[in-house]
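Here's a quick tour of this model, starting from the inside and working out to a sheet. Have the structure open as you read.

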Amino acid sequence: FNPGSSVNFTYAAGAIALLGSGAIASGFAITSGLIAEAGAGASAIANTATSGGEAVVLSGGFAGSLVASAGGSGIVSSGGVISDVTIGSGGLLELFGGSINNGNITIGVGGTFEAGSGYTASGITVSSGQTLEIASGGTASNTTVLSGGTLIILPGGQDFGTINSGGTVTSAVIVSSGQTLIVSSGQTSN
C-alpha cells in the first residue's frame, strides 16, 4: 500500500493513522491533532508535521526527511529509525532510548530537540535560537550552549559535562543537604 500524497481522508483531532508493514506514506501534511504512526516495516518519507500534528516512529518503523515545525512534533520510540530530520521554528523532535538516528538532525531557530527517557544527547552544540530539552530519564552529556542557545533540564533529567558559553541553562535539579552545585565563571544556573 503506497498512498502517495494524493489520498484525502477526514479525521478528528486526536485520530491515529497507523502505517502497517510494507506501507509507504510520502509527502503528507500531518496537522490538526492527527497522530501518524509508522509501525514495524512501514516507511514515512518527506512528511511534514505542523499545527498539533504528531509523527510517531514505532519500533521497526522508519521516517526519513521529516520536517517538524509550527506546533508539529516528531516522536521516535525505542527501535524506531530516523534519517535527516529538520526541526523548524516551533517544532519538536523527541527521541527515546533505543531509537536510532541514521542521518542528520537539523535544528532551526526556534526548534526544540528533546532527549526522552533512556536517551542520551551527547556532544551537542546548542546555537542561538535552538533549544535542547532533557526530559525525565533523559541525559545531556558534554553539551555546549552558545550565546542565545537554551538547555532545559526537566525534573528527572540528568546533565553531565555541560559547557555554557553565554547561553541559558535552566535546571530543575534540586540540591539537597550534603550535595554541591558548581556554577563556573560565565555560567548561570536558574
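## The core

The largest nonpolar core has 35 residues, and Ile82, Leu93, Phe113, Leu132 and Leu151 have the most contacts inside it. At least two residues of this core come from each of strands E4 (35-38), E7 (54-57), E12 (85-87), E13 (92-95), E16 (112-115), E19 (131-134) and E22 (150-153). A core here is a set of buried Ala, Val, Leu, Ile, Met, Phe, Trp, Tyr and Cys residues joined through side-chain atoms within 4.5 Å. Strands are DSSP runs of E, at least two residues, numbered from the N terminus.

This is a predicted model, where local features need pLDDT of at least 70, side-chain atom pairs count only at pLDDT 80 or more, and totals for chains, interfaces and linings use all residues. Residues are numbered from 1 along each chain as its sequence is written, and side-chain values use heavy atoms, leaving out hydrogens and water.

## Around Leu151

Setting aside residues up to four places away in sequence, Leu151 touches several others, including Leu132, Val145, Asp159 and Val169 (contact: heavy atoms within 4.5 Å).

## An aromatic pair

The count comes to one aromatic pair: Phe113 and Tyr119, edge-to-face, at 6.2 Å centre to centre and 90° between the planes. Ring centres must lie within 6.5 Å; planes under 30 degrees apart count as stacked, over 60 as edge-to-face and the rest as tilted.

Phe113 is buried at 3% relative accessibility, and Tyr119 is buried at 16% (under 20% relative accessible area is buried, over 50% exposed, in between partly exposed; 1.4 Å probe, protein chains only).

Three bridges join E8 (residues 62-64) to E11 (residues 81-83), with Gly64 partnered by Ser83 in E11.

Definitions and conventions:
Two strands pair if DSSP finds at least two bridges between them. Helices (H or I, at least four residues) and strands (E, at least two) are DSSP runs, numbered from the N terminus. Rings of Phe, Tyr and Trp (its six-membered ring) pair if their centres lie within 6.5 Å; planes under 30 degrees apart count as stacked, over 60 as edge-to-face and the rest as tilted.
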